[in-house]
Amino acid sequence: MRVLLRAHFDTEKANGLVSSGKMGELIQEIVEKVHPEAAYFLPDEGDRTAFLVFDMEDPSQMPVITEPLFREADAKVSYSPVMNLDDVQKGLSQLSSG
């Protein structure tokens, strides 16, 4: 299932990761685990934030993906199922009209 992972990084922890040069390593580690079809990094709600869209083959992947974000960045992490345009069109075509 295609999911959106949103990770809000704790400012103090993220400052330390940036200063030590380890933020790039953490991001690379996560990207290598999930092979996202899209990855965006931006300030959101006042925090450094990562948005990754990827195919989660099994929910058992969550601890492997999420634990480094919790441990190293005190991140607040959420997952949401998402659809691309093809998925929406496929779903809409299955609705009965009327």
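Predicted model: local features only at pLDDT ≥ 70, side-chain atom pairs only at ≥ 80, totals over all residues.
Local features are drawn from residues with pLDDT of at least 70 and side-chain atom pairs from pLDDT 80 or more, whereas totals for chains, interfaces and linings use all residues. Residues are numbered from 1 along each chain as its sequence is written, and side-chain values rest on heavy atoms, without hydrogens or water.

View 1. The structure holds 1 cavity of 30 Å³ or more (on a 1 Å grid over the protein atoms alone, a set of points where a 1.4 Å probe fits but cannot get out; lining residues have an atom within 4 Å of a point). Look for Phe9, Ile30, Phe41 and Leu69 among the lining residues. H2 (23-34) gives the most, with 4 residues (helices, H or I, have at least four residues and strands, E, at least two, as DSSP runs numbered from the N terminus).

**View 2. Helix H3 and its cover.** H3 has 13 residues and reaches 19 Å from its first C-alpha to its last, close to the 18 Å expected (1.5 Å times one less than its number of residues). Its buried residues include Ile65, Pro68 and Ala73 (under 20% relative accessible area, 1.4 Å probe, protein chains only). Among the elements covering the buried residues are E1 and E4. Asp74, with a positive phi near 50 degrees, follows H3.

**View 3. Thr66 in H3.** Thr66 lies in H3 and is buried, at 5% relative accessible area. Leaving aside residues up to four places away in sequence, Thr66 touches Val77 and Tyr79 (heavy atoms within 4.5 Å).

How values were computed: 1 Å grid on protein atoms, 1.4 Å probe; cavity = no way out; pocket = protein on both sides within 12 Å on 5 of 7 lines; lining within 4 Å. Points joined across faces, edges and corners; volume = space filled by probe spheres on them. Buried < 20%, exposed > 50% of the residue type's maximum accessible area, 1.4 Å probe, protein only.
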